[in-house]
Amino acid sequence: MNEYPSCDFPRASRRACPDIHVSFEFFPPATEAMEATLWESISRLAPLGPTFVSVTYGAGGSTRERTHATVARIVKETSVKPAAHLTCVNAARDEIDAIVRGYWDAGVRHIVALRGDPQQGQVPGATAKFCPHPAGYPNSTALVAGIKEIADFEISVSAYPERHPESPSVDADIDVLQAKIDAGASRAITQFFFENECYLRYVDKVRARGIDIPIVPGIVPVQSFKQTANFAKRAGATVPQWLADRFEGLDDDPQTRRLVAATVAAEQVLDLVDHGIREFHFYTMNRADLVYAICHLLGLRPKLEQKAA
């Protein structure tokens with residue numbers, strides 16, 4: 001990993017390491033209580049000066065509307081740059097194009113373009129596969145190209161250090177990543193992972209192919225081990241035994257669980273810093289406490305001039 005710069009001072013002083021950049025992912029709230037939690041989290045994290053915050057998106061009109069409303073409110077009420085997720089699932093191209101134009105009109109300039117998961121087959125072992133809408137975009141590469149035809153958005157896409165569950169190999173995944181870059185993507189955000197070697201090996205393979213866009217590691221602080229493990233199974237991410245051992249017996253002990261979760265995530269990101277990584281994308285699960293603590297360890301401090309939500 002020689003292409004990455006490294007800090008020349010010891011671990012105890014690492015918080016002074018320059019050029020750390022973070023971004024945060026949220027999901028649109030489904031209830032008033034969830035909305036209050038979301039905006040408390042945005043208010044807490046926005047002063048850290050993230051590069052952007054992204055808002056996830058699912059098939060179905062109500063989810064799309066909540067995503068758009070959340071993104072529009074971020075534009076209006078905060079100084080943070082939002083990135084709206086967009087998928088190909090269950091929508092015609094004309095419908096997706098209209099959403100893209102709506103984002104541009106709302107002041108959004110960054111889209112996270114994804115193929116999206118099948119609407120069925122979310123349970124591990126299910127056989128449902130992604131089926132493109134007959135009049136829709138067939139895949140994420142076509143979606144990226146379509147977005148670029150409409151306006152000059154910044155476009156982030158996904159990457160998979162442990163291989164997409166439907167892909168035959170990591171090399172095939174990298175072929176897809178290259179196609180998305182050729183279509184206009186300028187950043188890749190990885191699926192979350194817990195073994196840093198998986199990410200570092202993947203980045204080496206990507207660089208060996210001549211791909212030089214940022215490959216930003218996706219980090220998930222474990223709010224609930226069972227929930228994270230189930231999500232990992234669907235996403236094709238490995239949950240190592242050492243991680244399960246860390247959380248053993250803590251299902252009914254939320255205070256200790258949060259301390260362990262913060263420690264695990266901090267160890268992971270600080271090790272990546274040791275390997276020269278300077279940019280991180282946090283899957284917040286709409287909770288600010290663990291992510292804020294990790295960012296503090298990375299040396300980030302609130303910017304007083306940052307307008308909170």
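**Exercise 1.** Work out whether R209 is buried or exposed, or something in between, and find its salt-bridge partner.

*Solution.* Start with R209: its relative accessibility is 38%, so it counts as partly exposed (buried means under 20% relative accessible area, exposed over 50%, partly exposed in between, with a 1.4 Å probe and protein chains only). Next, look for the partner: R209 forms a salt bridge with D175, and the closest N and O atoms are 2.3 Å apart. The term salt bridge stands for a side-chain nitrogen of Lys or Arg within 4 Å of a carboxyl oxygen of Asp or Glu. Then place the two: D175 lies in helix α5 and R209 in the loop between α6 (196-208) and β7 (215-216), so the pair ties together parts 34 residues apart in sequence. Helices (H or I, at least four residues) and strands (E, at least two) are DSSP runs, numbered from the N terminus. Finally, D175 has 43% relative accessibility, so it counts as partly exposed too.

A quick note before you go on: this is a predicted model, where local features need pLDDT of at least 70, side-chain atom pairs count only at pLDDT 80 or more, and totals for chains, interfaces and linings use all residues. Residues are numbered from 1 along each chain as its sequence is written, and side-chain values use heavy atoms, with hydrogens and water left out.

**Exercise 2.** Find which residue pairs with E35 in a salt bridge, and say which residues make up the network around it.

*Solution.* The structure holds 11 salt bridges. In one of them, E35 meets R73, with the closest N and O atoms 3.4 Å apart. E35 sits in helix α1 (residues 32-45) and R73 in helix α2 (residues 61-77), so this pair ties together parts 38 residues apart in sequence. Now widen the view: E35, R73 and E77 are linked in a network of salt bridges. As for accessibility, E35 has 33% and R73 has 28%, and each counts as partly exposed.

**Exercise 3.** Locate the salt bridge of E267 and R246, and say which helices hold the two residues.

*Solution.* First the distance: the side chains of E267 and R246 meet at 3.2 Å, N to O. Then the helices: E267 belongs to α9 (residues 254-274) and R246 to α8 (residues 241-247), and the pair links distant parts of the chain, 21 residues apart. Last, check the surface: E267, at 40%, is partly exposed, and R246, at 34%, counts as partly exposed.
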